[in-house]
Amino acid sequence: MSSQTITADAAGTWKLGDLPVHRLGFGAMRLTGSAAFHHGTPSDRDRSIDVLRKAVELGVNHIDTAAFYFSSLRSANELINSALAPYPDDLVIVTKVGPYRAYDGEWGTSARPEDLRGHVEENLRQLGRDHLDVVNLRRMPRYDSIAEHFGALADLREAGLIRHLGISNVTPRHLAEARAIAPVVCVQNRYALDRPDPDSDELLRLCGEQGIAFVPFYAVAGEAAERGATTAHDEGVRAVARAHGASPAQIRIAWTLHQGPHVLAIPGTGNPDHLAENVAAGAIRLTDEELTRLNRTRREAG
């Protein structure tokens, strides 16, 4: 398939609260280096800025980021600010708070509820915004409940620093816990074709019933996670890719989007060519037979 003229609107749209976005978005984690965080070599700054600008040119209006997305030389938020400010009116920037990394890249103590205002203000400063469109509370393993943390973000929403709230790395009971405090517009969990997960399957279902966006991360990376896109593709994935003249990564994105109209994809890359391919995946329409084959692959992976 040709990716040269396909734009993000081919994937359809959804709303994060009152903010419409194309279902094919962009994850900023890989902008900072050959692998996320300090795992790889820092990216070329001009190239990363070009990727962001090209993403917007291709109709991407949903960017996922975080203040802790940085390598030894690059900050995702700073790149977004430099590339795109003043921001297009329809651009929705989603960030997340909770985890913390020190300047040397080491992971520090996860935020307490009273720390979250500082996390929000740091994202505001780096992005050059006076409010954040959507903030996801990333649940940290040391905390069983998210009520206090989510409540602190709800207070910041009431104060006008945040427009909408989401949650990440959660189970169904955390979604219920959060919704008892304030509206939830998105749930961001690890979810991939080759990684069965009953909790995330249930969240996918619940979000569909409740009109909440479900936003998988590592949908393309798979088990490679923050180190980059997986190359371990099942033969079923490769066969479907051949049938569409597409790459296995594009089929993984297409399968993700086929999980429901409320599902958003946020593949990330620092490569302009990969960006165009990722966006073009939003135009792939899988047949029922192909979906059955891919779903069988997922079951067998478990």
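Start with strand β7 (residues 162-168) and strand β8: they pair in the parallel sense over three bridges. Two strands pair here if DSSP finds at least two bridges between them. Helices (H or I, at least four residues) and strands (E, at least two) are DSSP runs, numbered from the N terminus. This is a predicted model, in which local features need pLDDT of at least 70, side-chain atom pairs count only at pLDDT 80 or more, and totals for chains, interfaces and linings use all residues. Residues are numbered from 1 along each chain as its sequence is written, and side-chain values use heavy atoms, with hydrogens and water left out.

Select Ile167. Opposite Ile167 stands Val187 in β8. Now follow the chain from β7 through helix α5 (residues 172-179) to β8: this β-α-β crossover is right-handed. That is, with the strands pointing away from the viewer, the path from the first strand over the helix to the second runs clockwise.

Next, select β8 itself, residues 186-190. Five of its five residues are buried (under 20% relative accessible area; exposed is over 50%, partly exposed in between; 1.4 Å probe, protein chains only). In a regular strand the side chains alternate between the two faces of the sheet. Cys186, Gln188 and Arg190 point one way from β8, Val187 and Asn189 the other.

Move to strand β9 (residues 213-217). β9 runs parallel to β8, joined by five bridges. Keep Val187 selected: its bridge partner in β9 is Phe214.

Now the rings. The structure holds five aromatic pairs. Rings of Phe, Tyr and Trp (its six-membered ring) pair if their centres lie within 6.5 Å; planes under 30 degrees apart count as stacked, over 60 as edge-to-face and the rest as tilted. Select Phe68 and Tyr69: they form an edge-to-face pair, 5.4 Å centre to centre, with 90 degrees between the planes. Phe68 is buried at 8% relative accessible area, and Tyr69 is buried at 6%. Go on to Phe217 and Tyr218, an edge-to-face pair at 5.1 Å centre to centre and 80 degrees between the planes. Phe217 is buried at 12%; Tyr218 counts as buried at 17%.

Last stop: Arg101. Its charged end sits over the ring of Trp107, 5.5 Å from the centre. The charged end of Arg101 also sits over the ring of Phe70, 4.0 Å from the centre. The test is NZ of Lys or CZ of Arg within 6 Å of the ring centre and within 35 degrees of the ring normal.
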